[in-house]
Amino acid sequence: MALTNEQNYVIDSVLCSDDGKIIAVNSVAGSGKTSTADALIRAYAPTTGFYTAFNKAIVEDSKKRFGNLITAKTIHALAYQYVKPKRKIEELTYTTIKEPISYEDKAMVIDSLDDFFRSSYVDIYDYATTRTKDESLQELIVNYAEMMLEGKIPPTFNYTLKCLHLMLLHKEITIDFDLLILDECQDTTAVTLEIFKLINAKHKVMFGDKYQNIYSFMNTVNAFDELDNINLLRLTKSFRCNPDIASIIDEYGKCYLEDSFVFKGNEDIKKESQFKVAYITRTNAMLIERMFHLMNEGQSFTLTRSPNQIFDLPIAMLNAANGKEVFNKKYKFLEKEYKNFDKVRRNYRSFYEYINSIMEDPLIEMVTKVLGNFATKRINIYDVKAKVLTLKPNPNIVLTTAHAFKGLEMDNVFIEDDLNSSVNRTILRMKDLTTIVEGNPRLYLSKEQKEDLNTYYVALSRARTNVVNVKYLS
């Protein structure tokens, strides 16, 4: 397929650039950024080139495409190569923190450490003071960082990123490439962005879609918003969507994302004769409900994540609430809390109310609500998961969250009600803001509300020829 004028302009701009300025390519969904990167790499033919992205799956796909033309690794793999930790990588959990403090404080220490490793901060002492005024908790944050550095507790993957950041910053090492490419730059970490800036490269290019930034819950940053000294280019034609879908997305984008938003479709896209549909949700809870309904209708389907990932926490919570063993190490602490709950049972309506009262963890709170809803609807999660595990996958029906389907596509897309509800709340908030603020109301939205708008855009732009249940249009 011949490259568009926009794609050729990107390639020419990189080849002609020699001032070390970062070139950023803002590419709408399906606009062929990988094809553009491939053509760029082949035209440049770097002696030393490096391609990276936050998402491992994207990097693995790129390895197959680029072959030996350029080295493709996740930024974590690059960090591991230079840091070479002596102990096995492990996640931080509540059981890592040995001090007799509340789960809320343990969560704060764990989150603070991981957030520091992913941040642009270079001093753990300074960072700890931004997280809490409690000096004893500040000391714990610093101590556990030092314990990881000294090898007394296992390192995390994000710890290796901070180490690489500091090694480059203090010039303990240098890394040099002819061509350096950061893909999916709208969803990267602050530390990855710092590493990207500190690596020496003749030409640096970022590819991404500004409005596919949907991983703020993982403390990602949007490089388009973070960097000022960049040469911004655009790819506005989607090869994925037909003109009908493109017009819906273009209208949505101009109304709720950016006045200058442009999304063009591909007239060569034809409707497929075989019916294929992706049900796209915002949450695993709605995903499980859709599984239940489809199986009741005798339908099979394919999941984009393993059933264990989808059911893991709800089943761990349900096991604990029934005094049963919790098998997942990450949630083992729930067994102990059930024993504590048993001593004060008369003060709470349920184990779920008790666990929320002591932890104040948004994820735990969400799961307990889901389990309550399922109990009301008489949906047995154990049975649903057991049936899912026995199903023969049907590639024509895909069940997925918007986050898990990012980068993928389907002929038909069904937008589930939880996505409609979340975006409708944000749109109503924008309408309220227009009465009290001047200019673009999006600027006054919270990070979570902006992500609601972006997530809906991601879901819409998975569709090739048809999208169903788009309630915001009503």
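On a 1 Å grid over the protein atoms alone, a pocket is an open set of points with protein on both sides within 12 Å along at least five of seven lines, while a cavity is a set of points where a 1.4 Å probe fits but cannot get out; lining residues have an atom within 4 Å of a point. Grid points are joined across faces, edges and corners, and a volume is the space filled by probe spheres set on the points.

The model on your screen is predicted, and local features need pLDDT of at least 70, side-chain atom pairs count only at pLDDT 80 or more, and totals for chains, interfaces and linings use all residues. Residues are numbered from 1 along each chain as its sequence is written, and side-chain values use heavy atoms, with hydrogens and water left out.

Stop 1: Select Asn 213, Asn 222, Asp 225, Arg 442 and Lys 450, which are the closest to its centre of the 18 residues that line the pocket. Helix H10 (223-226) and helix H19 (447-460) are the elements that give two or more residues to this lining, and H19 gives the most, with 4 residues. Helices (H or I, at least four residues) and strands (E, at least two) are DSSP runs, numbered from the N terminus.

**Stop 2: the cavity.** A search of the whole structure finds 1 cavity of 30 Å³ or more, and the largest cavity has a volume of about 80 Å³. Select strand S1 (22-27) and strand S6 (230-235), each of which supplies at least two residues of its lining; among the lining residues are also Asp 209, Tyr 211, Glu 258 and Phe 261.

**Stop 3: helix H7.** After H7 comes Gly 151, whose phi is positive, near 80°.

**Stop 4: Asn 394.** Select Asn 394 in the loop between helix H17 (381-390) and strand S9 (397-401). Is Asn 394 buried or exposed (over 50%)? Asn 394 counts as buried, because its relative accessibility is 19%. Not counting residues up to four places away in sequence, Asn 394 touches Ser 300, Phe 301 and Thr 302 (heavy atoms within 4.5 Å). The C-alpha atoms of Asn 394 and Thr 302 are separated by 5.4 Å, although these residues are 92 residues apart along the chain.

Technical notes: Buried < 20%, exposed > 50% of the residue type's maximum accessible area, 1.4 Å probe, protein only.
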